[in-house]
Amino acid sequence: MSRRVLIADDAAFFRKLLREMLSEAGFEVVAEAVNGREAVEFARALRPDIVILDVVMPVKSGLEAAREISRLNLPLKIIMCSSIAHDTVVEEAALSGACAYIHKPLDKAAVLDTLVSVENMDF
């Protein structure tokens with residue numbers, strides 16, 4: 001079962017909240033990135049099982065980071081996370097390599113259900 005997670009979001013409060021949720025549920029948060037460029041670097045170096053990317057981040061957006069991480073051909077799954085719920089953004093996330101989309105504000109049960117569902121996906 002996949003348990004190593006990379007969180008990427010420019011909001012420290014969000015990273016802390018998500019880290020606490022995941023840690024309580026038995027996931028290991030291997031790193032926290034503050035922008036898309038760091039997310040790509042951490043994904044390449046640490047090879048987490050799951051990467052959670054905010055859509056809107058400085059330096060490189062979550063969508064750009066998802067495309068770049070997908071091109072690394074690593075055995076990981078990407079989840080996008082945002083308060084933006086427009087169908088076009090959700091569709092672009094899927095085209096960028098994301099297999100799931102979490103909406104902010106976070107609902108703990110929904111977040112954990114999404115992660116467990118993603119863990120069980122085969123690619």
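Me: What makes the crossing of α1 and α5 right-handed?
Reply: This is a predicted model, and in this model α1 passes α5 in a right-handed crossing. The word applies when the near helix is turned clockwise from the far one by less than a right angle. The axes cross at roughly 65°. That is the angle between helix α1 (residues 12-24) and helix α5 (residues 108-119). Their axes come within 11 Å.

Me: Why give both an angle and a distance?
Reply: Because two packed helices are described by the angle between their axes and the distance between the axes.

Me: Which residues make the contact of α1 with α5?
Reply: From α1 come Leu 18, Met 21, Leu 22 and Glu 24. From α5 come Lys 108, Val 111, Leu 112 and Leu 115. Contact means heavy atoms within 4.5 Å.

Me: Why are β2 and β5 said to stand at the edges?
Reply: Start with the order. Five strands form an open sheet, β2-β1-β3-β4-β5, with parallel pairing. β2 (28-33) and β5 (98-103) each have a single partner strand, so one side of each is left without a neighbour in the sheet. From one strand to the next, the twist averages 20°.

Me: How do you know that β1 and β2 pair?
Reply: Two strands pair if there are at least two bridges between them. Strand β1 (residues 4-8) is joined to β2 by five bridges. So the pair meets the cut-off of at least two. The two strands run parallel, and Val 5 stands opposite Val 29 in β2.

Me: Which helix packs on the sheet and touches β1, β2 and β3?
Reply: Helix α2 (residues 36-46) does. Its direction makes about 145° with that of β2.

Me: Why is Asp 54 called buried?
Reply: Buried means under 20% relative accessible area. Asp 54, in strand β3, has 7% relative accessibility, so it counts as buried. Its contacts beyond four places in sequence include Ala 8, Asp 10, Met 80 and Lys 104.

Me: What makes the link between Asp 54 and Lys 104 a polar contact?
Reply: The cut-off for a pair of N or O atoms is within 3.5 Å. The side chains of Asp 54 and Lys 104 are joined at 3.4 Å. So the pair falls inside the cut-off.

Me: Is Lys 77 buried or exposed?
Reply: Lys 77 lies in strand β4 (residues 77-82). Its relative accessibility is 11%, so it counts as buried. A polar atom of its side chain lies 2.8 Å from the backbone oxygen of Met 121.

Me: Why is Val 59 called exposed?
Reply: Exposed means over 50%. Val 59 has a relative accessible area of 57%, so it is exposed. Its place is in the loop between β3 and α3 (62-71).

Me: What is the phi of Arg 47?
Reply: Arg 47 has a positive phi of about 50°, although it is not a glycine. Arg 47 sits in the loop between α2 and β3.

Me: How do you know that the peptide bond from Lys 104 to Pro 105 is cis?
Reply: Look at omega. It is near 0° for this bond, and the bond is cis. Pro 105 is found in the loop between β5 and α5.

Notes: Residues numbered from 1 in each chain as written. Predicted model: local features only at pLDDT ≥ 70, side-chain atom pairs only at ≥ 80, totals over all residues. Heavy atoms only, no water. Helix = DSSP H or I, 4+ residues; strand = E, 2+ residues; numbered from the N terminus. Axes fitted to C-alpha atoms, helices over the stretch in contact; angles between N-to-C directions. Buried < 20%, exposed > 50% of the residue type's maximum accessible area, 1.4 Å probe, protein only. Polar contact = N/O pair within 3.5 Å; in protein donor to acceptor, adjacent residues only side chain to side chain.
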